[in-house]
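Please look over the model shown here.

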Amino acid sequence: MPTSCVSMSPSDRFSPLTRALLDNIRRAGLPPLHTLPLAAARQAYAAGVGAMSEPGPALGRVERLGIPGPAGQIPAMLWAPRTEAGLPVLLYLHGGGFVIGGLDTCEAMCRRVAQLADVAVVAIDYRLAPEHRFPAALEDSMAALRWLADHGHTLGLDTRRMAVAGDSAGGCLAASTALMARDAGIPLRLQALFYPTVQARQATESFKTWSRDTPLSAELMAWFQAQSAAPLPPDQAWFREPLFAPDHTGVAPAWIGLAECDPLTDEGQLYADRLRSAGVPVQVRVWPGVLHDFINMGRFIPEAGQAHAELAAAVRQAFAI
């Protein structure tokens, strides 16, 4: 069963540092993202992540890539702690409701995970809605995974050891990509999901409790949905809602990191339950007192660094490093 914080008020559940950060955000009087023009919303989110995240470490290898995709080249970045060949590869898919976010909003964490796990992290700038509605983002994600599986050796990567990860909307993409990889015969060692959105039906208790007076509001989620939603054939409906995929057996083992005070917490727990019922090994870690997107708030929320380190540890374990 999903767990949530509904029995206590939000003001009781937030950690002191989380509450202080929310108070600072309110005092700043910034307009909610969903009230801004699209370009301004993207700029505001990127600026917010830049202001709140801890800078990533310097690395031995930083490389800009172009990966062939269904609509042309997919911009990508590779971060690795060293230049030697043979590092395993983690494909990372950023969050942002399929509408905002990009390589710059996941760079700090990707750099840190690359260093801590001693792996190559490849992140892609998948197509965003509303210019490219779902499943464009998923098509790009799967194209990138296929290309890495087939051609990653040309970059000196060990494509026998691959994993996929993502946060929020990127967690949805990672979960669906893992299912598609299973069907395509592409072996993955791990799917790592930070507070994934795995259904479009916003009726969980954590949604009811934490979608008011928090950055990931019901209004923002409705805006994301309106911008990104597109009709899907019945047999592809699960692409956006991997919770309802017809079969989860044989998919890659999962590590799921959740924030206690997050509208998406129950979705993550439901997905863990669904995977376990299919015999898939699952680890779930819930950080108490923190909110959605906390992994990008390391200047103010120390749990962000803890989450990066635990993700890196899960990746190291999956790759037997």
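What follows describes the sheet, then the helix lying across it, then the aromatic rings, all in a predicted model.

Eight strands make up an open sheet, and their order across it is 1-2-4-3-5-6-7-8. The pairing in this sheet is mixed. Strand 1 (61-69) and strand 8 (282-291) are the edge strands, each of them pairing on one side only. From one strand to the next, the twist averages 20°.

Within the sheet, strand 3 (residues 87-93) pairs with strand 5 (residues 157-167) in the parallel sense, over seven bridges. In this pairing, L90 stands opposite A163 of strand 5.

Helix 4 (residues 103-117) lies across several strands: strand 1, strand 2 (72-80), strand 3, strand 4 (120-124) and strand 6 (190-194). Helix 4 runs at about 35° to strand 2.

**Aromatic pairs**

A pair of aromatic rings is described by the distance of the centres and the angle of the planes. A search of the whole structure finds nine aromatic pairs.

Where do F14 and W210 lie? F14 is in the loop between helix 1 (10-13) and helix 2 (16-28), while W210 is in helix 7 (residues 205-210), so their pairing ties together parts that are 196 residues apart in sequence. Both F14 and W210 are buried.

F98 belongs to the loop between strand 3 and helix 4, and F134 to the loop between strand 4 and helix 5 (136-151); the pair therefore ties together parts 36 residues apart in sequence. Buried here means under 20% relative accessible area.

**Aromatic cluster**

One aromatic cluster is formed by F194, Y195, W255, W287 and F294. W287 of this cluster also has a charged neighbour: the charged end of R285 sits over the ring of W287, at 4.3 Å from the ring centre.

Definitions and conventions:
Residues numbered from 1 in each chain as written. Predicted model: local features only at pLDDT ≥ 70, side-chain atom pairs only at ≥ 80, totals over all residues. Heavy atoms only, no water. Pairing = 2+ DSSP bridges. Helix = DSSP H or I, 4+ residues; strand = E, 2+ residues; numbered from the N terminus. Axes fitted to C-alpha atoms, helices over the stretch in contact; angles between N-to-C directions. Contact = heavy atoms within 4.5 Å. Phe/Tyr/Trp six-rings, centres within 6.5 Å; stacked < 30°, edge-to-face > 60°. Buried < 20%, exposed > 50% of the residue type's maximum accessible area, 1.4 Å probe, protein only. Lys NZ or Arg CZ within 6 Å of the ring centre and 35° of its normal.
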